[in-house]
Amino acid sequence: MVVTDAKENIENGPGGLTDLTPPESGDWVGVGGEPLPVEEAWRWAVLPGCGGIVTFCGTVRDQSEGRPGVTCLEYEAYVEQVAPRLAWVAAAARERWGEIGRLVLLHRVGRLEVGEVSVVVVASTPHRAEAFAAAQFCIDTLKHTVPIWKRETWSGGTDWTLCSDDLDSAGRDPSSVR
């Protein structure tokens with residue numbers, strides 16, 4: 001299912017939106033229409049053996065390349081594929097950094113105003129260098145492989161853009177994404 005009217009589909013509960021409640025174990029991945037639980041994600045990633053926790057939040061900014069005066073973004077997604085692809089990104093990160101304690105990959109859909117959080121990535125590892133590297137890999141890979149679109153509205157108009165570079169990348173080795 002491709003969400004074509006995010007507000008209507010969020011309110012009516014499309015099958016692919018996930019409950020943004022942390023799991024007991026494993027990785028916390030999901031897509032939802034409510035504000036993302038940033039503080040809860042950070043707290044969930046805290047483990048006794050992990051001294052490095054990196055949290056990345058992508059927020060809606062008031063400008064985009066060639067588009068000053070951005071007022072809002074609307075994210076839509078191929079919701080049945082978002083959670084599986086987020087899990088795929090998490091698995092690829094764990095292959096590279098086996099010491100990862102916990103990973104959080106959450107994305108929001110629907111209309112977001114300037115300053116609201118659209119994506120959260122949290123990585124906890126025993127040391128900071130690996131936490132930074134894993135978090136950067138996760139956000140970069142997420143942006144390249146997860147089927148999410150955004151509509152920017154700015155003072156000069158509105159337009160859709162594809163957030164992921166390659167929707168056919170599900171079979172590609174995630175380590176090849178830079």
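**A strand on the inside**

Reply: Strand 8 is largely enclosed by the rest of the structure, because 9 of its 9 residues are buried (under 20% relative accessible area with a 1.4 Å probe and protein chains only, where over 50% is exposed and in between is partly exposed). Strands here are DSSP E runs of at least two residues and helices are H or I runs of at least four, numbered from the N terminus. This is a predicted model, in which local features need pLDDT of at least 70 and side-chain atom pairs count only at pLDDT 80 or more, while totals for chains, interfaces and linings use all residues. Residues are numbered from 1 along each chain as its sequence is written, and side-chain values use heavy atoms, with hydrogens and water left out.

Me: How many bridges join strand 2 to strand 8?

Reply: There are 8 bridges between strand 2 and strand 8, which run antiparallel (two strands pair if DSSP finds at least two bridges between them), and Ile-53 stands opposite Ser-124 in strand 8. Strand 6 is also joined to strand 8, by 6 bridges and again antiparallel, with Val-104 opposite Val-122 in strand 8.

Me: OK, and what do the buried residues of helix 4 pack against?

Reply: They pack against strand 2 (52-59), helix 3 (79-96), strand 6 (102-108) and strand 8 (117-125). Among the buried residues of helix 4 are Ala-131, Phe-137, Cys-138 and Leu-142.

Me: Which residues of the largest nonpolar core touch the most other members?

Reply: Of its 35 residues, those are Val-82, Leu-86, Ala-93, Leu-103, Leu-105 and Cys-138 (a nonpolar core is a set of buried Ala, Val, Leu, Ile, Met, Phe, Trp, Tyr and Cys residues joined through side-chain atoms within 4.5 Å). A second, separate core of 11 residues includes Leu-20, Ala-41, Trp-44 and Ala-45.

Me: What is Leu-103 in contact with?

Reply: Leaving aside neighbours within four places in sequence, the contacts of Leu-103 (heavy atoms within 4.5 Å) include Trp-28, Trp-44, Ala-93, Val-122 and Cys-138.

Me: Switching topic, how many aromatic pairs does the structure hold?

Reply: It holds 2, counting rings of Phe, Tyr and Trp (its six-membered ring) whose centres lie within 6.5 Å, with planes under 30 degrees apart called stacked, over 60 edge-to-face and the rest tilted. One of them is Trp-28 with Trp-44, an edge-to-face pair at 5.7 Å centre to centre and 75 degrees between the planes.

Me: Is Trp-28 buried or exposed?

Reply: Trp-28 counts as buried because its relative accessibility is 1%, and Trp-44, at 9%, counts as buried too.
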